[in-house]
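Look at the sequence and the 3D structure below.

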Amino acid sequence: MSQEVKNESGMTRKEAAKAVGHKCLVSRRNFLIGTGVTTTIMITMNAGTSEAKEVPAQITEYPRKFIAKLSELKEDEPFDFNYPDESDYSENMVVKMGVKAGGGVGPNQDVVAFNYACTHQGGSLDGSYKKDTKSLGACPLHLSTYDLTRHGILISGQAYQSLPQILLEVEGDDIYATGIFGLIYGRKDNLQG
Amino acid sequence: MSTPYYIPDENVPLPPVDAEVITTACDYCIVACGYKVYRWPVKGGKNGGATADSNAFDADFPVAPLGPWVAPNQHNIVLHEGEPHHVVIIPDKDTEFVNTDGDSSLRGGCIAQKCYNPEKPTRDRLKSPMMRIYGILQPVTWDFALDIAAEIGKYVIKKHGHNAYGVKTFSYQYMENTYAISKYALRHINTANFTFHDTPSDVSSTPGFRDAGFDNFGPAYEDWMNAETLLICGTDPYETKTILFTQWIMKGIQNGQKAIFMVPRKTAGVAYAEQNGGLYLDVTPGTDLLVVNAIARIIVENGWQDKEWIEKWVNDKWGSSSGFGQGTRNTPWQWRTTWGKFQTNGFDDWAKWLLAQDEFKLENAAEVAGVDAAKIQLAAEMMAKPKADGTRPKTSVMIEKGFYWSNNTGNTQAISALGIIVGAGGRPGQVIGRAGGHQRGGVKGGKYPRNKSPMKLPGRRRRALDTDTWTMAGHTRLAHVIGTTWIQSMLGSQQMSARFHELTRGNPHQIQSINREKILETLKKRVDSGGMVVVNQDIYLVDPIGNQFADIIFPAATWGEEDFLRANGERRIRLYQKFYDAPGEAKPDWWIISQLAKKMGFSGFDWENSNDVAEELAKFTRGSRKDFNMVKVAAHREGKTLHEKFREMGTNGIQGPVYMNDDGSLEGTVRLHDTTRKLATDGPAALNMFNKKLTHFNSQTGKCNIQKSPWSLFSDYWEWMKPKGDELWCTSGRANERWQSGFDDTRRPYIVQRWPDNWVEINEEDAAKRGIESGDMVLLSNDRVPSLKDTTLGVEGSDYSFTGQLANGNVELSEAAVTAVAMVTRAVKPGVMYMDFLHASQPANALAGRVVDWISGNYNYKMGTAKVAKIGESPYKNSFRSMSFAPRDIVI
């Protein structure tokens with residue numbers, strides 16, 4: 001038997017992994033046109049030459065980004081958002097869990113946000129929230145699971161670190177993302193890709 | 001040591017294009033995934049960039065899933081030739097074997113954190129030889145420490161006999177080291193007081209496999225994937241040999257394999273199997289034999305056994321009586337079988353016995369084992385019921401410690417018979433073997449002197465010495481302990497610790513001088529007065545054996561600090577390369593032993609480097625499962641050293657036994673006992689050898705022995721240990737994240753954050769009855785821990801049984817207590833608790849009886865019993881930074 005197992009749509013596991021990891025990929029160009037302008041300073045590289053192009057300057061600080069309204073979050077229903085940019089693995093979720101959690105915001109300290117990319121090998125955890133255990137996972141690739149009440153610590157599995165937690169602030173009814181605790185899968189630096 | 005405060009980094013340096021790439025394999029579990037070390041100097045500040053043309057991976061960042069991502073825990077800074085260097089250590093993304101897909105576990109994945117770095121928690125590596133003077137371990141020179149150790153060693157042997165010099169050593173930490181150690185201990189000191197880290201006596205771990213003719217590590221990893229039904233007993237490979245699960249078994253399950261787990265605890269692998277058409281047989285500790293024989297009975301009653309296979313490959317009366325070619329009396333085979341308890345005249349004789357045992361009837365076995373009878377029935381059908389088209393399912397059987405350390409002899413006999421009747425063993429996808437624990441790094445440089453052992457079975461041969469009982473009784477005068485905690489990893493740990501203290505620090509004769517003669521005079525008085533000197537060789541100061549009891553400490557070099565050879569669980573042999581400097585004056589164990597041996601006056605220890613040792617030991621692998629003598633032959637033909645030849649093979653290595661083709665190329669062995677393999681008809685040429693195990697089983701005839709497995713040989717101990725009153729079973733094992741329990745994992749901030757304290761899983765029902773919640777601090781106690789008082793000579797047939805030992809007054813009862821953080825969970829069977837197997841200060845092994853399996857001489861470690869009570873709340877109950885109480889059985 002070959003090691004290359006194919007799923008129902010005929011994709012190998014490696015192909016499927018790549019597909020899930022990039023499910024919400026927005027190109028950098030779309031990102032620039034769309035939302036990034038509040039925090040991204042454009043500079044022109046190679047000005048005056050045929051290779052001149054506009055690229056974002058290095059972001060050295062985490063952007064402060066509005067992500068959701070507290071009053072609109074329903075218990076145990078994750079709401080997806082992108083942060084700190086809209087590049088690969090910027091997909092995150094914010095969820096009101098109904099139980100107090102490490103880093104939780106809101107009157108009950110039960111609203112937390114986490115990145116969706118498994119910190120083992122980058123499988124997407126999108127859609128894997130479990131309300132009975134307040135966890136993300138198991139990752140479809142190698143079954144890692146994360147405890148969202150405890151800063152995304154690994155419950156069981158193979159990841160090399162906790163799931164990156166998105167730092168939140170609340171202003172009135174507005175929830176803002178203001179930073180990330182932990183390196184996002186696939187990147188060498190959270191802010192420089 | 002690390003504190004539980006892990007602050008994650010938000011960026012990581014990448015190796016530049018010109019970083020050096022060095023191949024190695026993981027140091028930890030049996031699977032031994034292939035890894036690449038990327039090394040570049042800190043000086044100059046030249047790191048790799050995010051674009052493919054600017055880093056050593058030729059990859060654009062962010063990388064794709066399964067890509068060469070570098071987690072911050074995969075980077076470290078080490079000294080290489082005295083200069084600081086970055087190292088990034090990630091699984092080999094190009095490997096064709098073992099960890100295909102470039103996969104890794106959490107353990108190996110973070111192995112960069114193993115490396116000594118004075119700015120990290122590894123800073124307390126042992127860096128200098130030390131001697132305890134005025135109660136304090138002080139640095140001394142190698143020459144001084146070795147001289148004192150050798151002189152007292154010679155004195156002990158001369159005055160108190162060879163068996164007074166005890167050697168307790170790892171069995172796995174690289175072939176060069178184990179060869180040197182066993183050459184020293186067995187060939188030269190010639191002591192019967194010798195054993196390995198995981199057993200009190202130097203005996204087979206799986207007596208039933210040995211009797212049946214199965215090698216422990218015959219199968220190839222692809223066989224575990226290609227089986228249509230896979231029975232896994234006593235382990236969840238996802239937790240403890242991850243890549244064997246994620247790259248092989250999990251792919252099998254995705255292709256329709258039915259995986260049946262027989263364990264009392266549901267972890268992710270078990271839950272995944274159950275969710276995908278498999279089965280969870282939640283067996284009560286120690287009752288595996290009953291379930292296995294109930295399955296066998298259903299198969300026989302329905303005539304589902306593999307008749308063709310049995311006809312061809314199972315010994316009849318004459319075959320099973322033909323001995324093992326070692327004489328008729330002095331073989332393990334003979335003493336186990338001549339009572340008539342195990343040996344049969346073949347399948348029919350075995351089946352007749354099986355059907356005559358009431359305890360194996362489905363309803364009886366189901367009741368005692370606490371497993372739903374319908375699930376046992378289903379397991380039998382999955383394993384052996386012919387399909388609609390009349391073909392049989394391809395069935396394989398995997399066992400590991402939860403199983404063979406529960407009823408060592410009985411369980412391994414029973415599973416061998418079940419394996420035989422379902423046709424497992426000897427064909428692709430139809431195999432039987434161990435999953436494995438540590439890697440296979442043992443090569444013996446001497447023969448165990450069995451006839452010097454004072455232990456003798458009634459009417460039969462001598463048995464390897466139970467070194468724990470021997471030491472507890474005060475017969476060991478010098479304990480040479482190499483790379484093991486000894487005390488916490490053996491049973492009745494707390495009594496052992498107290499006794500070790502009495503024999504060492506509790507003895508009035510303590511070194512209070514730096515004068516050589518006075519030191520020797522003191523140590524001689526110690527051993528002559530019934531005390532014990534401890535020499536400890538390790539990479540860290542281990543508590544208590546090194547920290548509290550040792551007189552002399554030798555600092556050892558380890559993985560990455562020397563070139564070493566080792567094999568994995570499919571006999572794949574690789575070179576684990578040196579890539580950085582060992583800390584301080586730490587030296588590899590083979591070097592320490594060679595220096596000590598020379599001072600003892602032994603010859604044959606003049607090695608200059610680890611390749612010299614490897615070239616000497618290669619010939620002693622001949623005939624074994626990791627026979628690689630022909631690699632040495634090929635290397636020398638090509639003008640290379642043995643290590644150089646293995647270096648060229650990189651992470652692929654080669655599977656033993658290795659054969660050389662006529663054109664000089666080397667060929668590995670995919671699986672042992674491969675009845676489908678065709679060997680050259682004109683026999684082995686030149687230095688090649690064809691071992692029987694290549695194409696047949698390990699018995700005189702080459703066929704399997706089908707053996708009986710009587711419950712009555714174990715049931716007295718099981719009934720005795722069984723929880724009484726409000727006691728619960730308290731079994732133990734590894735947790736994935738804390739697999740490397742004793743030294744590395746306690747120095748990884750992330751792992752210590754995840755598991756900051758000893759823990760015990762308690763079922764929700766049992767916890768509720770006792771008012772225990774997750775996060776509570778609990779006390780586990782046992783006021784009736786049995787232990788053997790002294791080694792005995794068996795005279796009557798029942799002398800060695802637990803009942804016999806009790807009757808003869810050789811069993812002592814004592815109390816034990818350990819604390820733990822409670823984890824209340826649905827994922828462990830009611831009536832059973834599960835504890836981390838080796839916390840240095842709160843060892844689970846303290847709660848299990850220090851009584852060896854009377855037939856094999858191994859411990860049944862998993863048979864612990866305890867009362868549990870809340871004593872308060874742990875700091876983790878209401879804080880969020882550390883630990884998690886979520887269940888380990890969450891799957892997709």
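What percentage of the 892 residues of chain B count as buried? The share is 63%, where buried means that 20 or more other C-beta atoms, placed from the backbone, lie within 10 Å of the residue's own.

## Basis

This is a predicted model, in which local features need pLDDT of at least 70 and side-chain atom pairs count only at pLDDT 80 or more, while totals for chains, interfaces and linings use all residues. Residues are numbered from 1 along each chain as its sequence is written, and chains are lettered from A and ligands numbered from 1 in the order in which they are written.

## Chain B overall

Chain B has 29 helices and 29 strands; these are DSSP runs, helices being H or I of at least four residues and strands E of at least two, numbered from the N terminus. Its C-alpha atoms fill a box of roughly 70 × 70 × 70 Å along the principal axes.

## A sheet in chain B

Four strands of chain B form an open sheet in the order β1-β2-β4-β3, with antiparallel pairing. Because β1 (20-25) and β3 (75-80) of chain B each have a single partner strand, one side of each is left without a neighbour in the sheet.

Strands β2 (residues 34-41) and β4 (residues 83-91) of chain B pair over 7 bridges; pairing requires at least two bridges found by DSSP. Here B:K36 stands opposite B:I90.

## Where the chains meet

In the interface, 51 residues of chain A contact 52 residues of chain B, contact meaning C-beta atoms, placed from the backbone, within 7 Å. Elements of chain A that each supply at least two residues to this side include α1 (13-21) and β11 (174-181).

Methods. Two residues are in contact if their C-beta atoms, placed from the backbone, lie within 7 Å. A residue is buried if 20 or more other C-beta atoms lie within 10 Å of its own, exposed if 12 or fewer, and partly exposed in between; C-beta atoms are placed from the backbone.
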